[in-house]
Amino acid sequence: MSIFEDNEKRIDEITELLKLSDAEIRILKNPKKINETELEVNGVKYPALRILFNDALGPGKGGIRFHPNVDKDEVKSLAFWMTLKCSLAGIPYGGAKGGVKINIDNMDKKTIEQVARAYIKAFVNEIGPNKDIPAPDMNTNAQTMAWMLDEYEKIIGEKRPDAITGKPIILGGIETRSEATGYGGWLVLKETLRLLCYGKCEKNICKDKLTVAVQGFGNVGHAFAKHAYENGFKIIAISDSHGGIYDKDGLNINKLIEHKKNGGNLSTFESQQKISNQELLELNVDVLVPAATENQITKDNADNIKAEIVLELANGPVTYEADRILESKKIILIPDIAANAGGVVSSYQEWTNNRIGNYLRKDELLRTFEQIMNKMINDVYIESVAKKFSLRKAGYIIAIRKVLGAEKMRGNL
Ligand code: NAD
């Protein structure tokens, strides 16, 4: 089943609960605009996409991914999730996403820059600060955004730092953006635990020093692990696409980050036990954090998941069928549209700074960031308790109501 077909099943469930009309379902299942092309760089052609899923609540917003698995189905799903995520977080954006089907492992920096610039040349008419605002995603970073912004400004002939977020600080980025998704995930987990364990609590998770396994040691996984570690959680396993490492007494995440900064990788870190990605997912931990890519927990392995809580920091790591299995096992799943919203909330702060030209201090940024993240997860939790829905269903309902409400006010429904 394709990723978007999986999404459609979730939409169908909400359709029944909210008694949505055919016109409303059409809006939820169809992107507003799909742009596809091929980028030609040094004689090689790379398929590329930019999809605007919905812009009823504001301009499109979504990252650009460079990955060999990029295709229309994936980008469409990511753009759909962005639509829900921005709506749920209460920030004035619609949802979009972009991607290039490319393997940048072992690719030289100059070629990556050419691909980044070619992407902007191809989609310059589709993006812009009031239209659709790109940001980094898998295998793209602040440097990629700097090349993209430079290309965009050269073409339009003026400075528009608000056209792209996730930029280097020197080009109008903000200090808090690079860790925002992982840090936001940590805040969401902490607040969910507070809500779950409020008052007298006998649940297994209502204790100190929860054990954690993190799949993915990139931008998101490493920042989450760092905050969880520094707050006393025991990270017993962490992995990347080559496999993982395990230590039952807990890994020293700060040392591991230092090791990676110095050019090391997981397999060369001290003498921990090796573990496969599959084994990591099935570990007996309190919190499992998929922070790598889609479709990691499926109907084939969901029965073997032993964690009490799954915190979805990647987009779409748990399939629809797996969701149902986890729910039947009473595993608490904190959905991606809430758990990883920190990235786009921080992007929103960067965009706002760029637009008003008044750059807030780090403490001011963090204060608002924490307020937005905490309000969002509280809204989801309250809806979930009130209606006896899973956190995912509660989040989808809140987000979808707002998107359709905006479409109605615009006269599109
Ligand atoms: P990244 O490229 O920085 O890191 C990805 C990590 O996952 C790497 O360590 C990679 O080795 C690992 N990985 C890739 N495939 C894997 C596999 N099959 N098994 C195990 N590990 C694997 O990417 P990122 O920015 O950290 O993004 C990770 C996820 O978080 C993606 O789903 C992305 O869409 C989502 N996300 C990212 C942001 C952001 O701000 N970067 C925001 C929201 C959501």
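Student: How many residues surround the ligand, and which are the closest?

Tutor: Start with a distance rule: a residue is near a molecule if one of its heavy atoms lies within 4 Å of it. Here 22 residues surround the ligand. The closest are Arg65, Thr181, Val220, Ser241 and Asn315. This is a predicted model, where local features need pLDDT of at least 70, side-chain atom pairs count only at pLDDT 80 or more, and totals for chains, interfaces and linings use all residues. Residues are numbered from 1 along each chain as its sequence is written, and side-chain values use heavy atoms, with hydrogens and water left out.

Student: How does the shell around the ligand divide by class?

Tutor: Ala, Val, Leu, Ile, Met, Phe, Trp, Tyr, Cys and Pro count as nonpolar; Asp, Glu, Lys and Arg as charged; the others, Gly among them, as polar. The shell has seven nonpolar, eleven polar and four charged residues.

Student: Which atom of Arg65 lies 2.7 Å from a ligand oxygen?

Tutor: Look for N or O pairs within 3.5 Å, called polar contacts. For Arg65, an N or O atom of the side chain is 2.7 Å from an oxygen atom of the ligand. Ser241 uses a backbone N or O atom, 2.9 Å from a ligand oxygen. A polar backbone atom of Asn139 is 3.3 Å from an oxygen of the ligand.

Student: At what angle do helix 1 and helix 10 cross?

Tutor: Helices are DSSP runs (H or I, at least four residues), numbered from the N terminus. Axes are lines fitted to C-alpha atoms over the stretch in contact, and angles run from 0 to 180 degrees between N-to-C directions. Helix 1 (residues 3–18) and helix 10 (residues 320–328) cross at roughly 55°, with axes within 8 Å.

Student: Which residues meet there?

Tutor: Contact means heavy atoms within 4.5 Å. Asp6, Lys9, Arg10 and Glu13 of helix 1 meet Tyr320, Asp323 and Arg324 of helix 10. By class, this contact has one nonpolar, no polar and six charged residues.

Definitions and conventions. A polar contact is a pair of N or O atoms within 3.5 Å; within protein, one must be able to donate a hydrogen and the other to accept it, and residues adjacent in sequence count only if both atoms are side-chain atoms. Helices (H or I, at least four residues) and strands (E, at least two) are DSSP runs, numbered from the N terminus.
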